[in-house]
Structures are given as structure tokens and as C-alpha cells.
Amino acid sequence: MSTPIETDVVIVGAGPVGLFAVFELGLYDLKCHLIDILDRPGGQCAELYPEKPIYDIPAWPEISGQALVDRLMEQIAPFKPEFHFNRMVSGFRKLENGRFEVETDEGELLHCHAVVIAAGGGSFQPKRPPVPGIEAYEGTSVFYSVRRMEEFRGQDLLIVGGGDSALDWTLNLQPVAKSVTLVHRRPDFRAAPDSVNKMFAMREEGKITFQVGQVTGLKGENGQLSAATVKGPDGDVEIACTRMLPFFGLTMKLGPIADWGLNQHENLISVDTEKFETSIPGVFAIGDINWYPGKLKLILSGFHEAALMTQAVARIAHPDQKMVFQYTTSSTSLQKKLGVQ
Amino acid sequence: MTKITLVAFDGTRFDIDAVNGSTVMENAIRNSVPGIEAECGGACACATCHVYVDEQWSDVVGSPEPMEEDMLDFAFDVRPTSRLSCQIKVRDELDGLVVHVPERQA
């Protein structure tokens, strides 16, 4: 076990609402660590619609998802938030001293006064392709990511998908695997044109096979895959394979937070509308992940929730301090924190 | 008003008076048609409002734009008549349109 990181607040989720919470908490001198399953900030804005315009951010008649994230990162920079990307929260417990311990799936421990869940629609996880019985092969023959290329050495590999992940791994694993078959439902790809050209070149050289179609069934025993049935334009084809890498994009799941014992309402976390606190005191939920009567899943609602949550967290972190409400426009002490004084 | 019909996977027909300019997905959600999830709310970012356009209508409805075609890669059992219902806008020519909901969304 690593030495715990001591901080004020752990924010689960680095989407727009989690990022703005850093700003609000920062005004009250509360230092934040953020944990996110993605490899960069922005959550759904960055993953689902970076280039699509948003029209309901106050004072921004039109802003793209990525531009909103970039602006938020700029706005919170003075508070020096620390990010833990490619991580999922795996453990959570209350410590005897009243603080909380949050554990990541990489074994890091963080100790904090308060936990803020700003996890949006949940954590992004690879989508399981709709192939009957695929569960039986997961973890033994079917993998959704490549942790170590060596695991595919000497295997008959079936890669499914038409995006960058599918193409990149086709190119990278070809020298390692015994054989590589790429299956995609059409001859057009979403991947970088350069990768697509390289893939077709490899096919010309006979190094890989490309099959148009959709995987409809798997064959094997005891989790050991032996073949896949692919429905192609000319009917069913059986492809011998011992490992399969499906790349069907990401979906959102609440994940281990579902097991924290928080009161829920249809897979959302119930909170009050004064502090946006969950049924566990000291644990807050803001943004799309929470529910209260009248809840609207809007980014601007999440921003409001972050501001009110901060009032409650500041009282927990500094119980003896008088809370002074100040405006950033006029308060010299806030401006000092923002680095504009 | 334009009349459109969504046929759920179990065969239940939903005959809907749709406003021109609205999407087939929006009408499905408003009328609680089972099997249309529309997780992303119509941003063409999730492929959970996948439908099969009735063969008689596929020419009139037209084919998907490249972005929608990309997103269809994530749908289950994609066929030549597959479309994402959030990308089909209701218009006069679609009066009588029939679309079928697949067995499941991805």
C-alpha cells in the first residue's frame, strides 16, 4: 500500500461540474484531487461531444464541449488541482479521525475532509458487443483493452471495430500475434486515414485478414475461444481465433460507487438541495449523477450545486472559522487567491 | 401534423402525430416507445436510438450522413435500412412513415 495523499477534498469525476467545483472550493482555500477514468479532463464534454456546440452556458451564446473544458481548466489553474487520470475509485471508508479514505484501482490512497461525487453518467467503460455468450470468455479470451502486448504473442487474434483503437492494435499486434483478422461491418473506417492505409497495405502483403461483417456468435470451451461466426455480405463465415479484442466504444456505468451504501433514486444519488449532501454526511454529489425533486441535468445546474456544496464542505474542513461570503469582483483576498491581485 | 408509426420489437404499433421538424427519436421518447433509449439525448453520440426504416420508406428517408454512419458501428445488428432515429427529421414527405425498433440497443 502506498502512503496516503493528504488533501482537503477528493472529487470523483473531472467533467465540467467537477472542474468548476475546484474553483468554488478553491475560493475557500480547499485543495482538491480529482479522479477520472478517462485520460484527460472534460468527461462527457471531451469524450462524447468535444466539437458539438452547447447553447445554454450563461454568457456563452455558443461554445463547443472542448472549449468549455479548456476555459474551465484555465479558470481553475490558480488553485493547482491535482489529477489522477485513468483511474477508477475502487474503495471508500470513513476513518476514525472523521476524515475519509478513497482508494483507486491502482492502489493509491487519498485522505480528505469530504468526498464530492461529480461522476456525471458514471464512469466510462468499454461497451460489451452484443454477442450472445461473450461473458463466458471475458478475461480469458476476450479483452477490451491491451495491458501487455505479450499476452497476445502467438495467438490467433480477432480484432473487431472500425475506430482508432481497432486499427492501432491491428497494426501494433500484427508482429506479435500468430495471425490477425480485423472485422468491421463496412469497408469505411472512423480511424486516422494513415492507419487505414497501413492496414490495407498489410492486407495486400498477406500479413492480416480483413473481413467485412458483424460478429454474431462465439465458439469455444471453458472460456477458451476457438472461433467466431461473422455475418458478412455473403452470409456467415467462421473465423478461427483464440483471442478477441472488441472495440465498440464506451458506455457509462455508476461502477463501484453503487456499493457505497448511498441512498439512490433510479441509479442516481439522492441529495438534499441545501448542501447537495448524500445520505452519508461528508459525501456530496453534484451534476448529472445526483437526484432531487425538480432536478434538471444541465451543466449550469451542476455549477450552482458546486457553489452550495462548497459552503457545507468549508464548514466541515474549517469548523472554527467564520464563513465570510465574498464576491470575486470586489474581494481583495479572493483576488489574491486567483492571482489577479 | 405528419403521421408516423413506430413498431416495437414485440409488434406493438405506435401511431403518432408528429410535428414537422421534430425527430423520430423525440416522438418515440415522448410516446414511451419501448426499445428507444436515446442515452445521449439526440447528439448523434451513442447509437441507442437505432431503428430499421421500413423498406418501402428507405429511399424517401435517405441514407445516413458520415457521422451517423460512424455512430452506427456501435449499434447491434446493423442492416442496410438502419438509421439513428435522432437523425431523421419529420417532414411532409414522411407522412405514413413506418420504422421498426430492433431487438435491443447496443
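How many residues does the contact take from chain A and from chain B? It takes eleven from chain A and ten from chain B, where residues touch if their C-beta atoms, placed from the backbone, lie within 7 Å. The chain A side of that contact has four nonpolar, three polar and four charged residues. Here Ala, Val, Leu, Ile, Met, Phe, Trp, Tyr, Cys and Pro are nonpolar, Asp, Glu, Lys and Arg are charged, and the others, Gly among them, are polar.

A quick word on the model: it is predicted, so local features need pLDDT of at least 70 and side-chain atom pairs 80 or more, while totals for chains, interfaces and linings use all residues. Residues count from 1 along each chain as its sequence is written, and chains are lettered from A and ligands numbered from 1 in the order in which they are written.

Now look inside chain A. The axes of helix α1 (residues 16-27) and helix α3 (residues 65-76) come within 9 Å and cross at roughly 20°. The two are therefore roughly parallel, a label for angles under 35 degrees. On α1(A), the contact includes Leu19(A), Phe20(A) and Phe23(A), and on α3(A) it includes Leu68(A), Leu72(A) and Ile76(A). By class, this contact has ten nonpolar, two polar and no charged residues.

Asp29(A) has a positive phi of about 60° although it isn't a glycine, and it sits in the loop between α1 and β3 (32-35) of chain A. Asn267(A), also not a glycine, has a positive phi near 65°, and its place is the loop between β20 (264-265) and β21 (268-270) of chain A.

Terms used
Axes are lines fitted to C-alpha atoms, for helices over the stretch in contact, and angles run from 0 to 180 degrees between N-to-C directions. Helices (H or I, at least four residues) and strands (E, at least two) are DSSP runs, numbered from the N terminus. Angles under 35 degrees count as roughly parallel, over 145 as roughly antiparallel, 65 to 115 as roughly perpendicular and the rest as oblique. Two residues are in contact if their C-beta atoms, placed from the backbone, lie within 7 Å.
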